[in-house]
Amino acid sequence: MNEKNCKSLLGSLSDYVDGTAQEEFCQELERHLTDCEDCRIVVDTLKKTVYLYHSNSDTALPISVRERLFKRLDLDDYLKTT
Amino acid sequence: MVANDTSQEISLEALQAGDRAEFARLVDAYSTQIYRLALKMLGVEQDAEDVLQNTFLKAMQSIKKFEGRSSLSTWLYRIAVNEALMMLRRQKPTLSVAMDYEDDEDELQHPTQFTDWCCLPEDELLSAESKGHLDEAIRQLPEKLQVVFLLRDIEGLSIRETSEALDLTETAVKTRLLRARLNLREQLSVYYGERMKEEQAK
């Protein structure tokens, strides 16, 4: 990770993880990853980090919170409408 | 509980005319997202609920002034982020200054953790304890990185929507997003690295 090459690749990693990086960059990065173990780990764990957060974003709104919200907004009469 | 019908698109015209039924539909369409955002930022359910209520009260008061230059959801996120930041500043008035962050401060912080924890089993990566740690790591981010990460990677806004909600250029959003992700990767590598050592010690 100390080589100049590694540092220059870092700036576009978000695009790579999101699948929006330029084709040319992807090829260059993938070529580099085959012989740089540190970078391979950084890329793999960065992808996994984003994946884990995507999988952990399923908070539900508690019913009681919804009820108090409607009351605070004076919308109680719409609490049960369809 | 029967939620208000959100299958039809919300009418801005009706909202601005003071249609309460339409506002109720707006609340049901977006309250879960707003609550989740506030909870991730503040970490305390009661605080998240306050932010949720204040966000929709503000929205109700200012809907007539909304010009529709962004989508309704982006506009609501913008109000919610400001409400949550105000609450954070009230709670920790000194911390927000100390944690301030400038885009041009220096170049990207380079990775220091090279543990490959990808192979940990999914139920370990997403155990209740791990999930608590994932949330805690977000709250350790500098504020400016945190809001970008939450809108983009948790709420799933596009780069453009995130830039509209936060009044940032798209370039600034991309830079902050990368920094946030790299920062979280470092934190998770330390945490999961420990888990791997425990596994190996068994």
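Is D167(B) buried or exposed? In this predicted model, D167(B) has 8 C-beta neighbours inside 10 Å and therefore counts as exposed. D167(B) sits in the loop between α9 (159–166) and α10 of chain B. Its phi is near 60 degrees, a positive value in a residue other than glycine. D74(A) lies in the segment after α5 (63–72) of chain A. There, 12 other C-beta atoms fall within 10 Å of D74(A), so D74(A) is exposed.

The fold of chain B was examined next. Chain B contains 10 helices and zero strands. Read from the N terminus, its elements follow the order α-α-α-α-α-α-α-α-α-α. Of the 202 residues in chain B, 37% are buried. Among contacts in chain B with a separation of 6 or more, 65% join residues 24 or more positions apart.

The domain assignment divides chain B into domain 1 (12–96) and domain 2 (101–201). Taken over C-alpha atoms, the centres of domain 1 and domain 2 of chain B are 24 Å apart. Contact between these domains of chain B involves 12 residues of domain 1 and 14 residues of domain 2. On the domain 1 side, α2 and α4 of chain B are the elements that give two or more residues. The largest share of that side comes from α4(B), with five residues. By class, the domain 1 side has five nonpolar, five polar and two charged residues.

Helix α4 of chain B covers residues 72–91, 20 residues in total. From first C-alpha to last, α4(B) reaches 29 Å. That span is close to the 28 Å expected at 1.5 Å a residue. The buried residues of α4(B) are W75(B), L76(B), Y77(B), A80(B), V81(B), E83(B), A84(B) and L88(B). The charged residue E83(B) is thus part of the buried set.

The contact between the chains takes 41 residues from chain B and 35 residues from chain A. On the chain B side, two or more residues each come from α2 (20–42), α3 (45–62), α7 (128–139), α8 (143–154) and α10 (170–201). Of the elements of chain B, α2(B) gives the most to this side, with 10 residues. The chain B side divides into 25 nonpolar, six polar and 10 charged residues.

One helix pair across the two chains was examined in detail. Two packed helices are described by the angle between their axes and the distance between the axes. Helix α4 of chain A spans residues 37–55. The axes of α4(A) and α10(B) come within 9 Å and cross at roughly 95 degrees. Angles of 65 to 115 degrees count as roughly perpendicular. The helices α4(A) and α10(B) are therefore roughly perpendicular to each other. From α4(A), the contact is made by T45(A), L46(A), T49(A) and V50(A). From α10(B), it is made by R181(B), L184(B), R185(B), L188(B) and S189(B). The contact of α4(A) with α10(B) has four nonpolar, three polar and two charged residues.

S189(B), one of the residues in this helix contact, lies in helix α10 of chain B. With 24 C-beta neighbours inside 10 Å, S189(B) counts as buried, because the cut-off for burial is 20 or more. Leaving aside neighbours within four places in sequence, S189(B) is in contact with T45(A), Q113(B), T115(B) and W117(B). S189(B) and E122(B) are 67 residues apart in sequence. Their C-alpha atoms are 15 Å apart in space.

A serine in another helix was also considered. S130(B) is placed in helix α7 of chain B. S130(B) has 19 C-beta neighbours inside 10 Å and so counts as partly exposed. Beyond neighbours within four places in sequence, S130(B) is in contact with E124(B) and L125(B). S130(B) and L188(B) are 58 residues apart along the chain. The C-alpha atoms of S130(B) and L188(B) are separated by 9.3 Å. L188(B) also takes part in the contact of α10(B) with α4(A).

Notes: Residues are numbered from 1 along each chain as its sequence is written. Chains are lettered from A and ligands numbered from 1 in the order in which they are written. This is a predicted model: local features need pLDDT of at least 70, side-chain atom pairs count only at pLDDT 80 or more; totals for chains, interfaces and linings use all residues. Two residues are in contact if their C-beta atoms, placed from the backbone, lie within 7 Å. Helices (H or I, at least four residues) and strands (E, at least two) are DSSP runs, numbered from the N terminus. The expected span of a helix is 1.5 Å times one less than its number of residues. Domain bounds come from an automatic or database domain assignment. Axes are lines fitted to C-alpha atoms, for helices over the stretch in contact, and angles run from 0 to 180 degrees between N-to-C directions. Angles under 35 degrees count as roughly parallel, over 145 as roughly antiparallel, 65 to 115 as roughly perpendicular and the rest as oblique.
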